[in-house]
Every structure is written in structure tokens, then in C-alpha cells.
Amino acid sequence: MSRKPELRGRAARLARLLPAGGGHAARTPFVLLVVLLLGGGLIGLLVLNSALSEGSFRLDDLQRDTKSLTDEEQALQRDVDTYSAPDALQRRAHELGMVPGGDPAFLNPDGSVRGVPGTAAQQSSARNPVVRPPEVLALTQTKAPATSAPAAAVPSAAAPRTPTPRTPAPTPSAQPSSTPGR
């Protein structure tokens with residue numbers, strides 16, 4: 001019968017390291033473990049890459065929003081700077097009918113007055129006539145009561161105001177058809 005030859009020396013030591021039986025059954029779980037680890041690693045890399053791409057798109061959107069908001073803030077700051085310039089404030093105050101305050105009067109600690117007291121309109125009426133802007137004229141015309149005189153009878157702001165006696169409102173057929181303020 002067939003007998004295996006006996007190994008000696010180095011070959012015998014190597015033969016003891018190798019298993020005596022079939023090695024196919026022991027390799028199958030190891031191969032499955034390696035395939036599962038490689039597949040899991042690839043899926044993990046795919047998920048990580050997708051998350052990074054999504055974060056990159058979101059970052060781009062946020063940077064674009066930040067740039068547009070920064071531009072809007074700068075435009076608003078320019079508007080504030082334009083409106084708060086001294087000449088613009090003076091022009092707007094004049095349009096609203098404001099007048100310079102003039103020289104102030106002061107109270108001394110003993111109660112006496114130093115300076116000439118007076119209202120701003122009295123002190124500057126000789127220098128600047130009061131001119132009302134169109135917004136104020138439109139407001140005074142719209143706030144007139146329904147039983148008052150017709151809108152055409154409202155005196156203009158530049159003319160001196162004198163009290164007029166109240167008369168009953170004329171009938172609609174007797175009213176002239178004119179546009180006030182034009």
C-alpha cells in the first residue's frame with residue numbers, strides 16, 4: 001500500500017506547520033470576511049463622499065447668501081450716510097417747514113434770563129419765509145371735515161391765514177369742478 005515517505009529535517013518542520021487535512025473549508029469564511037470588509041469600506045466611502053458633496057453645495061449657497069446680504073447692508077449703509085449728511089438733513093428739514101432755532105436764551109443760577117428769548121419762527125421769519133412741502137398740504141386737505149367749505153376754498157400755505165365765517169355747504173350743482181392745488 002501506499003505509504004507516505006517520512007520527511008526529515010527542514011521539510012519535516014514545514015510539514016508540521018501546515019494542517020494535515022483539506023484547507024478549502026478553512027479558507028471560505030476568511031474570503032467572505034475580506035469581501036464583506038471591502039464592500040462595507042466602499043459603501044462607507046460612497047456615503048462619506050456624498051455627505052461631503054452635499055456640504056460643499058450648502059456652503060456655496062450660504063456664501064452666496066452672505067455676499068448678497070453684505071451687498072444689501074452696504075447699500076443701506078450708503079443710504080443712511082446720504083440721509084444723515086448735514087446738507088441733506090438741512091434740505092429735508094427745510095422741506096418739512098422747519099426753521100433754524102436762532103440764538104438761545106439761558107437762565108442764570110439767580111433766575112435772571114441771559115439773551116433774548118423768542119420762538120424760532122419769530123427769530124428767523126425775516127430771514128426765511130415759511131414754505132410748506134406738498135406732503136403737508138396734501139395732509140391738511142384730506143383731513144378737512146366733510147361739512148367744511150369746498151377744497152378749493154382752502155387757503156394756500158404761503159398766504160396769511162384769516163378766519164372765515166362758516167357758511168352752509170352749497171349744493172353739489174353749485175360747486176365748481178376744479179382740482180385743488182394745481
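Tutor: Asp71 and Lys67 are 4 residues apart in helix H2, so about one helical turn separates them; helices here are DSSP runs of H or I with at least four residues, numbered from the N terminus. The two form a salt bridge, their closest N and O atoms 3.4 Å apart, where the term means a side-chain nitrogen of Lys or Arg within 4 Å of a carboxyl oxygen of Asp or Glu. Asp71 is partly exposed at 38% relative accessibility, whereas Lys67, at 54%, is exposed; buried means under 20% relative accessible area, exposed over 50%, and partly exposed in between, with a 1.4 Å probe and protein chains only.

This is a predicted model, in which local features need pLDDT of at least 70 and side-chain atom pairs count only at pLDDT 80 or more, while totals for chains, interfaces and linings use all residues. Residues are numbered from 1 along each chain as its sequence is written, and side-chain values use heavy atoms, leaving out hydrogens and water.

Helix H2 also holds Asp61 and Arg64, 3 residues apart and thus separated by about one helical turn. Their salt bridge brings the closest N and O atoms to 3.2 Å. Asp61 is partly exposed at 38%, and Arg64 is exposed at 54%.

Now for helix H3 (residues 86–95), where Arg91 and Glu95 lie 4 residues apart, again about one helical turn. Their closest N and O atoms are 3.7 Å apart in a salt bridge. Shared partners link Arg91, Arg92 and Glu95 into one network of salt bridges. In the whole structure, the search finds 4 salt bridges.

Note on methods
Helix = DSSP H or I, 4+ residues; strand = E, 2+ residues; numbered from the N terminus.
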